[in-house]
Amino acid sequence: MPYQYSDSHTSADIGLVSCGSSLKEMLTDAALGLTALMVEPKDLRDDRIVDIEIVGDDPESLFYRWLSEIIFLKDAEKFLLKKCVVKSDDCPPWKISGKLFGDAIDPSRQRLKIDIKAVTLYKLGVTRNENVWRGEAVLDL
Amino acid sequence: MKKEKFLQISSHIWEIPVDYKPGMRVPARILSSPTLIDSVDEKVIDQITNVACLPGIKRYAYCMPDGHSGYGFPIGGVAAFSLSDGIISPGGIGFDINCGMRLLRTNLNFDDIKEKREELLNRLFATIPSGVGASGFLKLSRPDFFKAMEKGGEWCLEHGYATQRDIEHIEDRGRLEQADHKTVSEKAISRGINQMGTLGSGNHYLEIEIAASDNIYDKNLAEVFGIDREHQVLIAIHCGSRGFGHQIATDYLEVFDKCAKKYGLTVRDRELMSAPVNSEEGKRYFGAMACAANAAFVNRQLIVFGVRKAFREVFGISDEQLGIETIYDVAHNIAKIEEYEIDGKREKLLVHRKGATRSFGPGRSEIPARYRSVGQPVIVGGSMETGSALLCGTAIADAETFGSTLHGAGRTMSRMQAKRTVRGEAVKQKMQASGVLVKTGYLPGLAEEAGFAYKNIDDVVAAVDAIGISKKVARLYPVLNIKG
C-alpha cells in the first residue's frame with residue numbers, strides 16, 4: 001500500500017506516512033490515505049470535480065497545505081476525494097494543481113468512519129532519498 | 001521515566017527542576033498519584049518541560065493526573081503567561097478550541113426512562129447530527145454566524161435556543177468578550193457555518209447517565225448542583241468548536257510559524273509555535289480563538305436545544321415537567337485572562353488550559369450565584385464505558401494551579417492498538433450486557449474509545465481530590481451513549 005498509518009507518535013490521534021517515486025505520487029497517495037480514514041473508498045463516486053491549486057514555500061509546507069485542503073473541502077464543500085488528476089514537479093516552484101474527482105458526503109450509501117479535523121505540525125516532514133519521496137504527518141481526530 | 005531526577009513535593013506532586021533541560025524558565029510539576037506516576041510517559045515529561053521553556057511563564061508548568069502526550073503541550077497541561085512579556089500558543093489550547101463538557105440535570109429517574117431507552121437513543125441519534133461532515137439544523141447567514149461567534153451564549157438566548165438559567169450556568173456565560181470575527185479566515189467561516197449543533201466524532205459523545213446515592217460522595221454539594229433524587233437521569237455532552245476551531249488553529253500555526261523569527265522566539269517543538277500576547281499576531285489569534293470558544297458554547301447549547309426536543313417527543317411532557325436544566329458547561333481547551341497573586345502582587349495572566357478544566361473555589365465572582373458559596377462545578381468525562389464524574393472547584397486550585405484541574409480519564413492506548421485488541425461489535429455487546437445501550441455511525445470507533453484504552457477515571461479523580469484542587473461530588477454511570 002502506498003500509504004500507511006502509524007500510532008508511534010501519539011495515542012489520541014493517528015500518523016499518516018506516504019511514499020512515492022515522485023512528489024506528485026507521494027502527495028496524491030497521502031490525500032487518498034487521509035480520505036480512506038474518513039470513508040470506505042469503494043463507496044465513493046467520482047462525479048464531482050474540484051479545481052485545485054496549492055502552493056508551498058517548500059515540499060513540507062506544500063504537503064501540509066495540500067492535506068489541510070482535503071480536510072477543508074470535506075467540511076466546507078462536503079467533498080470526499082476519490083482520485084486526483086494533478087501535476088506537481090520535483091523541483092521549485094512547489095505547487096500542485098489540477099482536478100480532484102470525488103463524491104458528496106452521503107451517509108445513506110457511504111460507510112463513513114472517523115472525522116479528520118486537522119494536520120498537525122507535530123513530526124511533520126517530507127524527505128527525498130534518491131528517487132523516493134516520503135511524507136509524514138500526524139492527523140488530529 | 002527518569003523519576004529519580006524529580007523532587008517529590010508531596011504524596012501526589014513531583015517537581016522537575018529547571019536544570020532538567022537547558023532553557024527551562026520555571027520548574028514543571030506533575031500532579032499524579034503513587035500508583036499513576038510510573039505510567040507517565042517520557043513524551044509527557046518532554047512536552048511539559050518544553051512548556052516550561054516558553055517566555056513569560058509564571059510559577060510552574062503543570063501536568064494534571066490525566067495527562068498524556070499531545071502536540072506542543074501535553075493533554076492535561078496548564079501554564080500561565082505574563083501579559084507584558086509572555087506568549088500565546090495554539091499548541092497550549094489545542095486544535096479543538098473550547099472542547100468541553102456540558103452536564104444537564106432532569107426531573108426524571110431511571111424508572112421513568114427504562115421502558116423507552118431504545119426509542120430515546122434512536123430519537124437522540126436522529127436529532128443530534130454526528131460523524132464525518134455532519135451539518136446542523138441551522139442555516140446561518142454570514143452576519144448571523146458572525147454574531148453567534150462574537151456573542152456566544154447571549155446569541156442563543158436572543159434566538160430562543162437557550163434559557164436564562166442555561167446561560168448563567170455556562171463558564172463566562174458562554175461568551176469571551178475578546179471575540180472579533182474580523183480575525184477569522186474565510187476558510188474557517190466556510191468550515192464552521194453549517195456545523196453548529198453537531199457532535200463531531202472521535203471521543204465526542206452524548207450520554208444519558210444515572211446518579212445513584214451509592215455514588216454520591218457529597219450529598220450537600222450534589223443537591224446544590226441539582227442532583228436531588230435517587231437514580232436521577234443526567235445528560236452529558238462532550239464536544240467542541242468542530243471544524244471552525246480546527247481551521248483557526250491551523251491558520252494561526254502557519255502565521256506564528258512565519259513570525260517566530262520576527263519576535264526572536266525559538267521553541268523546542270513546532271507545535272509550541274507562539275507569538276507575544278501583546279503582538280499584533282498574538283492579539284488577532286486571541287480574537288479568533290475567542291470566536292471559536294464562543295462557537296463551541298453555541299454548538300453545545302444547540303445540542304441541548306435538540307436534546308430537549310427529543311425528550312419532549314419521546315416522553316410527551318413539557319419542558320417544565322422534564323426539568324432539563326444546565327448544571328454547568330466547562331471548557332477544557334482554552335486560554336483566558338485571569339488574575340492571580342505572583343510574588344505578592346495581583347497580576348493578570350493568560351492561563352492556557354489544554355485538556356484541563358477551570359476549578360475555581362468558593363467566593364469567586366466568575367461563579368454563578370447559585371454555586372458561589374461552594375465553588376464551581378467541574379465535569380470530568382471518562383471513557384464511554386465508564387461514565388463521568390462531577391467535582392467541585394476549590395481554593396487550593398485557585399492558590400496552587402491557576403484555578404485548574406483535570407478534564408478526563410486520559411488515554412493510555414493508541415486508537416490503532418485498541419482496534420487491534422478488540423472489535424467494535426464486541427464492545428457494543430459488552431456495554432449492552434452491562435446495561436448501556438450505544439449507537440454510532442462507525443462501529444469500529446467503539447473499539448477506539450473502549451474503557452481499557454483510558455486510565456481509570458476513579459484513579460485520576462481520587463488524585464485531584466487528594467491534592468485538593470477539586471473535591472469529589474458524584475460519580476455518574478452511563479445507560480445510553482451516542483458516540484460521534
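Predicted model: local features only at pLDDT ≥ 70, side-chain atom pairs only at ≥ 80, totals over all residues.
Going from A:Pro92 to A:Pro93, the peptide bond turns out to be cis, and its omega sits near 0 degrees. As for where this happens, A:Pro93 belongs to the loop that links β4 (79-87) with β5 (95-104) in chain A.

B:Asn98 is not a glycine, yet its phi is positive, at about 55 degrees. This residue lies in the chain B loop between β6 (87-88) and β7 (100-109). B:Asn98 counts as buried because it has 30 C-beta neighbours inside 10 Å, where 20 or more are enough. Another non-glycine residue with a positive phi is B:Arg173, with a value near 55 degrees. B:Arg173 is part of the loop running between α6 (164-168) and α7 (186-192) of chain B. Here the count of C-beta neighbours inside 10 Å is 18, so B:Arg173 is classed as partly exposed.

Then there is the meeting of the two chains. On the chain B side, 32 residues make contact with 27 residues of chain A. Three helices of chain B, namely α7, α9 (242-259) and α13 (415-421), each bring at least two residues to the side that touches chain A. The most comes from α9(B), which gives five residues. Sorted by class, this side of chain B holds 17 polar residues, nine nonpolar ones and six charged ones.

How values were computed:
Residues numbered from 1 in each chain as written. Chains lettered and ligands numbered in written order. Helix = DSSP H or I, 4+ residues; strand = E, 2+ residues; numbered from the N terminus. Buried ≥ 20, exposed ≤ 12 C-beta atoms within 10 Å, placed from the backbone. Contact = placed C-beta atoms within 7 Å. Nonpolar A, V, L, I, M, F, W, Y, C, P; charged D, E, K, R; others polar.
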